[in-house]
Amino acid sequence: MGLLDEIRSIVGAGGLLEAEEVRARPNLSWGLGSCPALAIVRPKTTVALSQVMRLCHRCKQPMVPWGGQSGLVNGITSGPQDIVISLERMCNVEKLDGKSGVMIAQAGALVQQVQEAAAKEGWMFAVDFGARGSAQIGGAISTNAGGNSVVRYGMMREQILGLEAVLADGTVISSMNEMLKNNAGYDLKQLFIGSEGTLGIVTRAVLRLRPAPSTVQSAFLGLKGFDELTHCLQRVLAELEGKLSAFEVMWQSHYRLLQNESDRHRELLPKDYAFYVLLEQEGADSVRCKEQFVEVLGRLIEDRVVADALLVDSDAQRNELWALRDDIEALVRVLDPAMIFDVSMPIRHMEQYVDRVEYRLEREVPEARNATFGHLGDGNIHLAIGPCGNRKAIETIVYDELIPVQGSISAEHGIGLDKRDYLPRSKTPAELALMKTIKCALDPEGLLNPGKVFS
């Protein structure tokens with residue numbers, strides 16, 4: 001009996017895809033390419049996955065874990081020698097403890113599914129981003145996903161109390177802690193959060209929920225300079241008394257591009273401001289929160305920190321603002337072919353960094369344009385650059401300019417294949433050596449997501 005026949009005996013006929021069913025799946029980010037893998041394995045339980053991985057380990061069979069395929073760094077890419085492990089059938093919310101705000105979910109559950117299950121019980125799952133309808137919890141854990149509310153609630157790492165994972169040899173590590181405080185030895189879950197499936201495959205997670213806010217206030221601001229922008233952030237962090245949940249920034253290049261070259265958005269503020277901010281706070285007392293929000297905005301305008309402001313007064317208008325901020329599709333279409341970069345750095349260096357990147361693009365890749373946007377409140381910005389005929393030159397500019405500002409090549413998207421060769425710009429030789437030591441200890445044969453993060 002061959003390996004695939006043995007796997008089929010474990011997962012059943014519906015748990016193993018071959019031939020054209022495999023080719024119909026993508027192999028690259030943005031849903032591109034055709035998967036060339038030997039097969040796609042779709043277990044329904046941790047026990048089945050453990051058995052499959054034990055077989056693969058025995059045969060030295062490489063395995064590529066898949067989440068919802070919403071990542072942007074080609075972390076799902078496989079070769080003809082690989083077997084893909086998809087957790088799409090392990091998609092249940094198993095438990096929600098309404099007293100302590102704890103949920104247990106399988107790794108294949110969608111982020112939006114988890115959000116909706118929490119909301120039904122008066123809780124909130126705080127990680128949120130545009131791909132919520134396709135991204136899986138396991139993938140979000142494996143990439144330590146960020147999103148729109150990091151400035152208040154932190155990244156995926158801060159929402160994980162415990163998890164279960166299967167190692168390359170089939171060993172199940174069950175660290176399903178439900179307590180906020182637990183210092184009993186090494187915190188093993190941290191090994192798997194952000195490791196992009198190279199150390200183990202996450203199968204279940206204990207998620208920390210937050211009390212659902214009963215009111216949200218939103219505004220769209222226009223600011224004249226970077227000093228005003230950073231001052232505005234400092235003020236709202238302090239004066240909104242911890243209620244700030246989003247501080248999303250669009251450089252003028254981003255706002256003008258969407259206004260001038262896309263017909264999907266109306267002009268909400270004039271196009272001559274240097275920066276635009278989508279500002280939100282969440283709270284419990286709708287009357288008091290709204291009064292506070294308006295008072296803080298009023299003082300910022302009086303002090304000439306904010307030059308212009310649109311106070312949102314309906315869900316439709318709020319959705320319109322977020323549609324503007326999240327419209328990556330329009331950026332990609334206008335700048336086609338486009339590259340979307342995800343970088344982070346100390347906020348004080350952001351203006352200098354963007355100016356340096358645009359200065360070098362103008363001289364070294366003059367056909368390319370840049371539109372900058374991002375979360376900023378958590379030190380994360382994105383650059384949409386295109387058309388990108390000379391991809392290598394653009395990557396070199398974007399990543400080399402991070403070195404003098406001590407930035408990171410990846411704020412929230414991971415490394416995958418796309419950023420692997422640039423990882424030494426963000427990690428020291430000693431850090432890289434320790435990462436490889438951990439990889440060798442947990443996966444000595446190099447079978448899990450081979451070639452990702454580092455070769």
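Of the 52 residues in the largest nonpolar core, which touch the most other members? They are Phe247, Tyr353 and Ile394. A nonpolar core here is a set of buried Ala, Val, Leu, Ile, Met, Phe, Trp, Tyr and Cys residues joined through side-chain atoms within 4.5 Å. Buried means under 20% relative accessible area, exposed means over 50%, and partly exposed lies in between, with a 1.4 Å probe and protein chains only. Apart from this core lies another, of 50 residues, with Val41, Met103, Phe192 and Ile201 among them.

A word on the model comes next. This is a predicted model, in which local features need pLDDT of at least 70, side-chain atom pairs count only at pLDDT 80 or more, and totals for chains, interfaces and linings use all residues. Residues are numbered from 1 along each chain as its sequence is written, and side-chain values use heavy atoms, with hydrogens and water left out.

Now take in the whole chain. Its secondary structure comes to 15 helices and 18 strands. These are DSSP runs, numbered from the N terminus: helices are H or I with at least four residues, strands are E with at least two. The radius of gyration is 23 Å, close to the 23 Å that the globule rule gives for 455 residues, so the chain is as compact as a globular protein of that length. That radius is taken over C-alpha atoms, and the rule is 2.2 Å times the number of residues to the power 0.38. Along the principal axes, the C-alpha atoms fill a box of roughly 75 × 55 × 45 Å. Of the 455 residues, 53% count as buried. Contact means heavy atoms within 4.5 Å. Of the contacts with a separation of 6 or more, 72% come from residues 24 or more positions apart.

Go back to isoleucine 394. Leaving out residues up to four places away in sequence, isoleucine 394 touches Met339, Phe341, Leu361, Val365, Ala368, Ile385 and Cys388.

Strand 13 (residues 244–251) holds serine 245. Is serine 245 buried or exposed? Serine 245 is buried, because its relative accessible area is 1%. Beyond its neighbours within four places in sequence, serine 245 is in contact with Asn148, Ser149, Val151, Arg152, Glu280, Gln281 and Glu282.

Helix 9 covers residues 252–261. Its buried residues are His254, Tyr255, Leu257, Leu258 and Gln259. What covers them includes strand 12 (215–223), strand 13, strand 14 (275–283), helix 11 (315–325), helix 12 and strand 17 (369–374).

Finally, look at the backbone. Most residues other than glycine have a negative phi, and most peptide bonds are trans. The peptide bond from aspartate 336 to proline 337 is cis, with omega near -10°. Proline 337 sits in the loop between helix 12 (328–334) and strand 16 (339–344). The bond from glycine 386 to proline 387 is also cis, with omega near -5°. Proline 387 belongs to the loop between strand 18 (380–386) and helix 14 (391–400).

Alanine 19 is not a glycine, yet it has a positive phi of about 50°. Its place is in the loop between strand 1 (16–17) and helix 2 (20–23). Alanine 19 counts as partly exposed, because its relative accessibility is 45%. Asparagine 449 is not a glycine either, and its phi is positive, at about 45°. Asparagine 449 lies in the segment after helix 15 (429–442). With a relative accessible area of 3%, asparagine 449 is buried.
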